Amino acid sequence: MASDKQAQRETALAIARAALEAVDPAAAVRRHVRRDGHRLVVGGRVYDLDDFERVLVVGAGKASAPMALALAEALGERLSGGWVNVKYGHELAVPGLTIHPAGHPVPDEASVQGTQAIARLLEAAGERDLVLCAISGGGSALMTLPTPGLSLADFQVMTQALLRSGATINDLNALRKHLDQVKGGGLARLAAPSPVHS
């Protein structure tokens, strides 16, 4: 009887470990990104790193720091720099990248400042720069750059009102997409003509 319970416990722990490994953000990136010499394989796409002067990593989200760490590990010396906004308390040291804490679920001044830094980095990128994006849940609040005419306070009021009303994240993001410079393809437009892979 005792050995049956022990076996069940070990099986349950093995299942839990496998589930945690399957959803680990860094492990997920490692499953889909690898470098073989001058070739970087991202999903099914192959990039010849010799075609690029710089490789930049930008991102935002609660899991974006471990995702960025996995990208930095894969890129090694080819990582040129980058900026990633994370939720307060989710900071992680990533060599070569700025990991910037900001507000979630309601964006704050740090969210805007970090997004401005990302925008400056992308606007300076050219066609010989490859941009890799590490974006996870929470990224829409953490990467906020209101369109001209809207203030951060406007964004905060809207977010708080929608959260109180029971709006879904899809509802929130539908509005944010129209009121933010980096949503709805805005990030790729800022980076153009650089190739962008998310």
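Reader: How are helices H6 and H7 oriented to each other, roughly parallel or roughly antiparallel?
Author: In this predicted model, the axes of H6 (residues 152–165) and H7 (residues 169–179) come within 11 Å and cross at roughly 165 degrees. Angles over 145 degrees count as roughly antiparallel. H6 and H7 are therefore roughly antiparallel.

Reader: Which residues of H7 meet H6, and how do the residues of the contact divide?
Author: The crossing of H6 and H7 is right-handed. On the side of H6, Phe155, Met158, Thr159, Leu162 and Leu163 take part, and they meet Leu172, Leu175, Arg176 and Leu179 in H7. The residues of this contact divide into seven nonpolar, one polar and one charged.

Reader: How far apart in space are Ala174 and Ala12?
Author: In sequence, Ala174 and Ala12 are separated by 162 residues. Taken from C-alpha to C-alpha, their separation in space is 40 Å.

Reader: Is Asp180 buried or exposed?
Author: Asp180 lies in the loop between H7 and helix H8 (186–191). Its relative accessible area is 4%, and a residue under 20% counts as buried. Asp180 is therefore buried.

Reader: With which side chain does the side chain of Asp180 make a polar contact?
Author: Leaving aside residues up to four places away in sequence, Asp180 touches Met143, Thr144, Leu145, Pro146, Thr147 and Phe155. Phe155 also belongs to the residues of H6 that meet H7. The polar contact of the Asp180 side chain, at 3.0 Å, is with the side chain of Lys183.

Reader: At what angle do helices H2 and H3 pack?
Author: H2 covers residues 25–32 and H3 covers residues 64–75. Their axes are 7 Å apart, and H2 passes H3 in a right-handed crossing. The packing angle is about 35 degrees.

Reader: Which residue does a cis peptide bond join to His104?
Author: The bond in question has an omega of about 10 degrees.

Reader: What is omega for the peptide bond from Ala192 to Pro193?
Author: Pro193 is placed in the loop between H8 and strand E8 (196–197). The peptide bond from Ala192 to Pro193 is cis, with omega near 10 degrees.

Reader: What share of the contacts in the chain with a separation of 6 or more is accounted for by residues 24 or more positions apart?
Author: The chain has eight helices and eight strands, and its C-alpha atoms fill a box of roughly 70 × 50 × 25 Å along the principal axes. Buried residues make up 43% of the 198 residues. Among contacts with a separation of 6 or more, the share from residues 24 or more positions apart is 70%.

Technical notes. Residues numbered from 1 in each chain as written. Predicted model: local features only at pLDDT ≥ 70, side-chain atom pairs only at ≥ 80, totals over all residues. Heavy atoms only, no water. Axes fitted to C-alpha atoms, helices over the stretch in contact; angles between N-to-C directions. Helix = DSSP H or I, 4+ residues; strand = E, 2+ residues; numbered from the N terminus. Parallel < 35°, antiparallel > 145°, perpendicular 65-115°, else oblique. Left-handed = near helix turned anticlockwise from the far one by under 90°. Contact = heavy atoms within 4.5 Å. Nonpolar A, V, L, I, M, F, W, Y, C, P; charged D, E, K, R; others polar. Buried < 20%, exposed > 50% of the residue type's maximum accessible area, 1.4 Å probe, protein only. Polar contact = N/O pair within 3.5 Å; in protein donor to acceptor, adjacent residues only side chain to side chain.
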